[in-house]
Amino acid sequence: PNKPFLSQKKIKILRSLANKKIKIVIISGRPGKSLKSKVPLKEIMRVGDYGIGLCCKNLSLEEKGQFDSMIKDIREAAQMIKKRFIYYDGLWLEKKRYTLSVHFRNLRIKDKTLFQKEFKKFQKEKTVHGLKWVLGKQVWELFPDARCGKGFTVEYFLKKYPQYFPIVIGDDAADEDMFRLVKLKGIAIRVGFFRHSQAEYFLK
């Protein structure tokens, strides 16, 4: 997660687009501070933590209490995973403000299949109501409440800037909610083909 960076060429392209009165929003699972350090462009909007923070601002007091309980459940899940899967060399738990990422990219090839089988069993046994697991690129991510995520964040900006025609681009399972939302109002593009994607267009 710490290795990706924007080249000066890409930064120049993004700045040029922003200067043409195109609203650019980057929605990432990274924490806000990390995202802003990776994308040092004040001309564009950078939203970290999948935009879950925006979702929190629109919750009632009762919903906020339920949300806080979900965050507690996610932290407890992290502790259980750490104890139950500690023997997998290369497994990495990334604890974020609102979510949990379980990276298994660095597991030995022979361990990945067994880990997936055991982890899916763990999910059925331990996942409480209201939490949502999403499988990304060799990472499992645990979210609080299916309503909060990139789909909600895109909807927030569509309401804020209704005069703009939306084009969304993503490459992960966490992007499917915004594909589903935008494909009826604009253009949804997925990087890499996925047969079950909600996106209408694909980039190689």
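The following conversation walks through a predicted model of a protein chain.

Trainee: Which residues have the most contacts inside the largest nonpolar core?

Mentor: The largest nonpolar core of this model has 20 residues. Elements that give two or more residues to this core are helix H4 (61-84), E4, helix H5 (109-126), strand E5 (131-135) and strand E6 (139-144). Inside this core, the residues with the most contacts are Ile81, Leu91, Val102, Phe115 and Phe119.

Trainee: Which element gives the most to this core, and how many residues does it give?

Mentor: The elements giving two or more residues to the core of 20 residues include helix H4, which spans 61-84, and helix H5, which spans 109-126. The one that gives the most is H4, with 5 residues.

Trainee: With which residues is Phe119 in contact, leaving aside its neighbours within four places in sequence?

Mentor: Phe119 belongs to the residues with the most contacts inside the largest core, and Ile81 and Val102 are also among them. Both of these turn up again in the list of contacts of Phe119. Once the neighbours within four places in sequence are left aside, Phe119 is in contact with Ile81, Phe85, Val102, Trp133 and Trp140.

Trainee: How many residues are in the other core, which lies apart from this one?

Mentor: Leu54, Tyr161, Met178 and Ala188 are among the residues of that other core, which lies apart from the largest one. Its number of residues is 14.

Trainee: Which residue in E4 stands opposite Glu94?

Mentor: Strand E3, residues 92-95, and strand E4, residues 100-103, run antiparallel and are joined by 4 bridges. The two strands form a hairpin, with 4 residues between them. Within this pairing, the residue in E4 that stands opposite Glu94 is Ser101.

Trainee: Which residues make up the uncovered face of strand E7?

Mentor: In a regular strand the side chains alternate between the two faces of the sheet. The covered face of E7 holds Val168 and Gly170. The uncovered face of E7 is made up of Ile167 and Ile169.

Trainee: What accessible area does the nonpolar surface patch that includes Ile169 have together?

Mentor: Ile169 lies in strand E7, which spans residues 167-170, and this residue is on the uncovered face of that strand. The patch on the surface is formed by Phe165, Ile167, Ile169, Val191 and Leu203. Together these residues have an accessible area of about 480 Å².

Trainee: Which residue in E8 stands opposite Gly170?

Mentor: E7 is joined by 4 bridges to strand E8, residues 187-191, and these two strands run parallel. Gly170, from the covered face of E7, stands opposite a residue in E8, namely Arg190.

Trainee: Is Asp49, with its positive phi, buried or exposed?

Mentor: Phi of Asp49 is near 55°, which is a positive value in a residue other than glycine. Asp49 lies in the loop between strand E2 (45-47) and helix H3 (52-57). Buried means under 20% relative accessible area, and the value for Asp49 is 10%, so this residue is buried.

Trainee: Is Lys21 buried or exposed?

Mentor: Lys21 also has a positive phi, near 65°, in a residue other than glycine. Its place is the loop between helix H1 (8-18) and strand E1 (25-27). The cut-off for exposed is over 50%, and because the relative accessible area of Lys21 is 71%, this residue is exposed.

Trainee: How far apart are the closest N and O atoms in the salt bridge of Asp68 with Lys64?

Mentor: Asp68 and Lys64 both lie in helix H4, where they are 4 residues apart, about one turn of the helix. Asp68 counts as partly exposed at 39% relative accessibility, and Lys64 is partly exposed with 34%. The closest N and O atoms of this salt bridge are 3.1 Å apart.

Note on methods:
Residues numbered from 1 in each chain as written. Predicted model: local features only at pLDDT ≥ 70, side-chain atom pairs only at ≥ 80, totals over all residues. Heavy atoms only, no water. Pairing = 2+ DSSP bridges. Patch = residues over 30% accessible without salt bridge, like charges linked within 9 Å, V, L, I, M, F, W, Y side chains within 5 Å. Areas by Shrake-Rupley, 256 points an atom, 1.4 Å probe, with all protein chains shown as cover. Salt bridge = Lys/Arg side-chain N within 4 Å of Asp/Glu carboxyl O. Core = buried A, V, L, I, M, F, W, Y, C linked by side-chain atoms within 4.5 Å. Buried < 20%, exposed > 50% of the residue type's maximum accessible area, 1.4 Å probe, protein only. Contact = heavy atoms within 4.5 Å.
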